[in-house]
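Open the model in your viewer and keep the sequence panel beside it. This tour tells you what to select at each stop.

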Amino acid sequence: MMKRILTITALILIHFHALAYYPTVHNFTKEEYKGGAQNWAITHGAGGSMWFANSAIVEYDGNDWTRYQTVNHTSVRSLMYDADSERMYFGATNEFGYIHIGEDNSIEYVSLKDGLDTTIGDIWAIHKADDALWMRENNNIYLYDFKQLKQFSFNDKVAISAKIGEDFIIFVNNHGVMKYSPDGKFKEIHGTESLARKRVNSILPFGDNLLFVTATDGVFLFDGSTLSDFDRELSRKLMQDNVYCAATDGRYLSFGTVQNGVYIKDLHEGHTIHLNTYSGLQNNTVSITLEVIRWPEPSTPVSNIPEKTCFRMPA
């Protein structure tokens, strides 16, 4: 199965040769992938298919591209695949729900917004809880238990959300890091107060700890009580290049930057690979999701790199 790099308008399947590190790129036009110029999210589905949040929900099975339009014809902002139910959850503008493809390839589209007397904006992230969904809007967080929608509002934008283990953690601009508590409220995480005025772009698991990735202030390790600098040498480079987003799969840490491509740190081997336009990327502004790298450039096409290369990130 291929792994992919996604431009906000495009996709690149990222596989690097263990010695050369320079990928061979095959470009797809937006006419081929049957979507608009801008992709907002990407994830894996059943059988290794790739799904994109575009002007519609776009699926790529390695051969064919298929579009699934939302009922209100708004752009899709987020995707989350639930392997247990084999549902592809999506968030759009004033619409959310899921698509399920049966064994006979029948398509079931279910709108979970239908029947709710609430108007919501763009849903930028969806996370699975035990028997519910967390959803992040601009200044709101929603908890949906498949019966009712509970809303948590904030004065400033909720920039990032993450479901790590049993914890649901958010970062609110100018307020800082918060965690949903058993009493049904979001509370600040003590020890992270110094992050409140920084631009936190990602919250990642790191063993039993957390990593907070900022745009221009470096990467911080949080052990549950105190913050400390993480990999100062790498952080210095990231501070200069302005981090857009970050991701990890436990083996690799990836940092997409605004000015200088992507850095991929192998946590087992300790080395870091740096890729930018000189080494095959089509744009130096890169942001990262869990299994992909994407960068915002409306004119960049979709591209792929063959599976036969032996180094890839993330797996």
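**Stop 1**

Select V177. Leaving aside neighbours within four places in sequence, V177 is in contact with I169, I170, F171, K187, E188, I189, T192, L195 and F212. Contact means heavy atoms within 4.5 Å. This is a predicted model: local features need pLDDT of at least 70, side-chain atom pairs count only at pLDDT 80 or more, and totals for chains, interfaces and linings use all residues. Residues are numbered from 1 along each chain as its sequence is written, and side-chain values use heavy atoms, with hydrogens and water left out.

Buried means under 20% relative accessible area, exposed over 50%, and partly exposed in between (1.4 Å probe, protein chains only). In soluble globular proteins, nonpolar side chains tend to be buried together.

**Stop 1: K185**

Go to the loop between β19 (176-180) and β20 (186-188), and pick K185. Buried or exposed? K185 is exposed, with a relative accessible area of 52%. Not counting residues up to four places away in sequence, K185 touches K179 and Y180. K185 and F152 are 33 residues apart in sequence, and 8.5 Å apart in space, C-alpha to C-alpha.

**Stop 2: the whole chain**

Zoom out. The protein chain has two helices and 32 strands. Of its 315 residues, 54% are buried. Take the contacts with a separation of 6 or more: residues 24 or more positions apart account for 45% of them.

Finish by looking over the surface. The accessible surface of the chain comes to about 14,300 Å², and 46% of it belongs to carbon and sulfur atoms. Such areas come from the Shrake-Rupley method with a 1.4 Å probe; for residues, only the protein chains shown count as cover.

Key:
Helices (H or I, at least four residues) and strands (E, at least two) are DSSP runs, numbered from the N terminus.
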